[in-house]
Amino acid sequence: MAMLGSMHTPTAGLKTARLLLEPLRRSDAAEMVGVLGSADLYRYTGGTPPTLPELERRYAIQTVGSTNPDEVWHNWIVRRRSGGAIGFVQATVTKEAGDVAWLIGIEAQGAGYAREAAAAMIGWLASCGVGQVRAHIHPDHVASRRVAEGLGFASSGMRDDDGEDIWTLTTRRPSENLPDHPSPTRP
Ligand SMILES: CC(C)(COP(=O)(O)OP(=O)(O)OC[C@H]1O[C@@H](n2cnc3c(N)ncnc32)[C@H](O)[C@@H]1OP(=O)(O)O)[C@@H](O)C(=O)NCCC(=O)NCCS
């Protein structure tokens with residue numbers, strides 16, 4: 001279960017061995033329209049490559065955040081440490097769980113970036129008190145399933161309203177008495 005107090009923690013920038021996860025900015029649309037430009041990316045999720053005005057509108061909405069006070073959106077652009085954007089990861093956090101998604105552009109796929117970026121996101125969510133993480137994955141989407149399995153997700157055996165399998169990961173036991181969020185004043 002996610003913890004109430006930490007739900008509204010602002011999205012943090014994150015680093016991994018090869019990647020930077022930067023909180024989404026509206027200005028990322030110009031670069032991301034290229035990353036999101038292949039129709040193959042939408043094979044299992046539906047949708048089509050966005051135009052620049054569409055992506056600018058989407059990012060304007062996403063950076064403002066959810067209008068529902070009971071959920072918080074976290075959006076990161078995934079960059080190689082050398083700078084170029086290669087995809088995004090995102091999480092919608094409620095008191096119940098964090099629903100996560102990942103996308104890596106066609107040219108950067110197959111190098112382990114999705115798993116590396118998602119691991120960093122989930123580690124951060126866990127540090128914020130999100131104990132239950134879910135991913136919604138099309139039953140035929142082997143690559144996304146492999147990402148989830150590699151991170152320790154297990155299929156819940158349930159499907160959502162879109163016919164996607166719900167995979168779950170428990171980041172800690174509910175009984176563990178973890179702090180609401182790491183405090184800067186703690187030693
Ligand atoms: C799913 C996706 C994010 C994977 O990105 P990626 O960076 O290529 O994934 P990784 O390199 O981290 O690979 C993770 C695992 O998937 C496997 N994999 C990657 N592409 C694959 C493919 N086309 N077919 C089968 N397995 C594949 C890898 O071999 C690896 O498995 P392993 O650890 O057992 O070797 C990417 O394909 C994508 O963005 N797809 C479009 C958007 C999308 O559908 N997102 C998922 C929404 S739930």
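Is Lys95 buried or exposed in this predicted model? Lys95 counts as exposed, because 12 C-beta neighbours lie inside 10 Å and a residue with 12 or fewer is classed as exposed.

**Figure 1. Overview of the fold of the predicted model.** The protein comprises four helices and eight strands. Read from the N terminus, its elements follow the order β-β-α-α-β-β-β-α-β-α-β-β. Of its 187 residues, 30% count as buried. Among contacts with a separation of 6 or more, 61% are made by residues 24 or more positions apart.

**Figure 2. The open sheet of eight strands.** The strands are arranged in the order β1-β2-β3-β4-β5-β6-β8-β7, and their pairing is mixed. The edges are formed by β1 (residues 14-15) and β7, each of which pairs on one side only. Strands of a sheet pair through backbone hydrogen bonds, in either a parallel or an antiparallel sense. Helix α3 lies across β1, β2, β3, β4, β5, β6 and β8, and runs at about 155° to β5.

**Figure 3. Strand β4 and its partner β3.** Strand β4 is largely enclosed by the rest of the structure, because seven of its nine residues are buried. Strands β3 and β4 run antiparallel and are joined by eight bridges. Within this pair, His74 stands opposite Ala91 in β4. The hairpin of β3 and β4 has four residues between the strands, and Gly83 in this hairpin takes a positive phi near 125°.

**Figure 4. The hairpin of β4 and β5, with Lys95 in its loop.** Strands β4 and β5 pair in the antiparallel sense over seven bridges, and four residues connect them in a hairpin. Val93 stands opposite Gly98 in β5. Lys95 belongs to the loop between β4 (85-93) and β5 (98-104). The C-alpha atom of Lys95 is separated by 9.8 Å from that of Gly131, although the two residues are 36 residues apart along the chain.

**Figure 5. The pairing of β5 with β6.** These two strands pair in the parallel sense over three bridges. Asp99 stands opposite Arg134 in β6.

**Figure 6. The shell around the ligand.** The ligand is surrounded by 23 residues, of which the closest are Gln109, Ala114, Arg115, Ala143 and Arg146. The elements that contribute two or more residues to this shell are β5, α3 (113-127), β6 (132-137) and α4 (142-151). Helix α4 gives the most, with six residues. Grouped by class, the shell contains 14 nonpolar, seven polar and two charged residues.

**Figure 7. Gly163 in the loop between β7 and β8.** Gly163 is exposed, because 9 other C-beta atoms lie within 10 Å. Gly163 and Ile137 are 26 residues apart in sequence, and their C-alpha atoms are 8.8 Å apart in space.

**Figure 8. Helix α2 and the residue just after it.** Helix α2 spans residues 52-64 and has 13 residues. From its first C-alpha to its last it reaches 18 Å, close to the 18 Å expected at 1.5 Å a residue. An α-helix has 3.6 residues a turn, so residues three or four places apart point the same way. Just after α2, Gly65 takes a positive phi of about 100°.

Terms used. Residues are numbered from 1 along each chain as its sequence is written. This is a predicted model: local features need pLDDT of at least 70, side-chain atom pairs count only at pLDDT 80 or more; totals for chains, interfaces and linings use all residues. A residue is buried if 20 or more other C-beta atoms lie within 10 Å of its own, exposed if 12 or fewer, and partly exposed in between; C-beta atoms are placed from the backbone. A residue is near a molecule or strand if its C-beta atom, placed from the backbone, lies within 6 Å of it. Ala, Val, Leu, Ile, Met, Phe, Trp, Tyr, Cys and Pro count as nonpolar, Asp, Glu, Lys and Arg as charged, and the others, Gly among them, as polar. Two strands pair if DSSP finds at least two bridges between them. Two residues are in contact if their C-beta atoms, placed from the backbone, lie within 7 Å. Axes are lines fitted to C-alpha atoms, for helices over the stretch in contact, and angles run from 0 to 180 degrees between N-to-C directions. The expected span of a helix is 1.5 Å times one less than its number of residues.
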